[in-house]
Amino acid sequence: TGSRPRYLPELPIDEKIVMTSDGIENMDDFPESMVIVGAGVIGCEYATIFSGFGKTKVHLIDKGDRILPFEDEDVVRVIERNMENNGVLIHRNSRLIRMEVKNDRVEYELEYTDGGKEIFNVAKALVAVGRTPNYEELWEDNVTINITKRGIEDNDTQTNIGNIYAVGDITSDISLVNVGELEGRYAVEKIFGNPKRKLVYENISTIMFLNPEVAGVGLNEVSAREKGIDYKVVTLDYACIPRAIAKRNTQGFIKLLVSNDEQMKILGLKIVGNHASSAMQAVALLISMDKGIEELAECVHPHPSITEGIQECVRMLLGKSLFKPDAMRGKLSCRTSTSGVYEDICF
């Protein structure tokens, strides 16, 4: 069914001056300034795009103390630093209390958590506060499909109405193109037979088109803590990777999460930096197979490549690292999280 941008009724959205992610595609020139409402993935990607062209002063409204609240702090620090170095003004701990179109420009007022208020004037506004599934007129009122705030409840794509299946944006699962395709193929197999493999979401890779690129699969530290999972996490800076050094682009890091036990099953991988999205699939496959790091340790990565950094993360966990942490201070880390309490460990 697809989806549409979520509207905030109190904002004067006209898709010309105050736009959503649909209307912004109709612009024929770069505005000299723009405010973006929403510091999630869509808002941050557009902030990256427009600030990257160097023609638009971007303001980004963030109700918390940091953008991308579902991401780990070390990821956010890199993205925020690059945004601000590119001229993006991040309004932290702020709440939009008024937005009006005056003389074909946008005037907006913010209230900060400390009680202060401030008024700004920009050329355009982008409202990026998520998307809404297209539910309308899909079924009669007497069809009682279970729906939550997140979407249709389903069991392996099958709704509570046995002969009705739901896939993609309309479900309560991850709203991504590749997930919709995966669900669609699975639903057809289930309708006409018995799928050979269960539908698995834990190994779905994601990418955020930021500066630098951010890609991940499985759990990050934020989600692991929310689920009450104890874990080990190793981090390797791009400055330790020969390919990144040769490309003279060592901004970024690789972070690998595993279970905090002898098995060290792979929980998740996050990469911030050049070629990040190209390094996910081996780890994604092992997560779907519920495997530990021994299988990953056996993978011989090409040299020189960014994926060698994953191999080195595994070696750190196995106590076989090429690097001495005392000689690479700030570039390597290995720690455990038990009941939310961190402890640095040697490797």
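Guide: In this predicted model, helix H2, residues 73-85, lies across strands E12 (214-218), E14 and E15 (266-272). The direction of H2 makes an angle of about 165 degrees with that of E14. A further helix, H8, also packs on the sheet, where H8 touches E13, E14, E15 and strand E16 (332-338). Between the directions of H8 and E13 the angle is about 135 degrees.

The sheet itself is open and is formed by seven strands, in the order E11-E12-E15-E14-E13-E16-E17, with antiparallel pairing. Its edges are strand E11 (205-208) and strand E17 (341-344); each has a single partner strand, so one side of each is left without a neighbour in the sheet. From one strand to the next, the twist averages 15 degrees. As a general point, the strands of a sheet pair through backbone hydrogen bonds, either parallel or antiparallel. Here, strand E13 (residues 231-237) and strand E14 (residues 253-259) are joined in the antiparallel sense over seven bridges. Within this pair, Thr235 stands opposite Lys255 in E14.

Helix H8 spans residues 308-318 and is mostly covered, with nine of its eleven residues buried. Among the buried residues are Glu308, Glu312 and Gln311, together with Ile310, Val314, Met316 and Leu317; Gly309 and Cys313 are buried as well. After H8 comes Gly319, which has a positive phi near 75 degrees.

The UniProt record, in an unreviewed entry, lists residues 204-312 as "domain: Pyridine nucleotide-disulphide oxidoreductase dimerisation".

A search of the whole structure finds one cavity of 30 Å³ or more, and the volume of the largest cavity is about 50 Å³. The lining of the largest cavity consists of Thr48, Ser51, Ile79, Asn82, Met83, Asn86 and Asn211.

Definitions and conventions. Residues numbered from 1 in each chain as written. Predicted model: local features only at pLDDT ≥ 70, side-chain atom pairs only at ≥ 80, totals over all residues. Heavy atoms only, no water. UniProt positions renumbered as here; feature names shortened; annotations may be inferred. Buried < 20%, exposed > 50% of the residue type's maximum accessible area, 1.4 Å probe, protein only. Helix = DSSP H or I, 4+ residues; strand = E, 2+ residues; numbered from the N terminus. Pairing = 2+ DSSP bridges. Axes fitted to C-alpha atoms, helices over the stretch in contact; angles between N-to-C directions. Contact = heavy atoms within 4.5 Å. 1 Å grid on protein atoms, 1.4 Å probe; cavity = no way out; pocket = protein on both sides within 12 Å on 5 of 7 lines; lining within 4 Å. Points joined across faces, edges and corners; volume = space filled by probe spheres on them.
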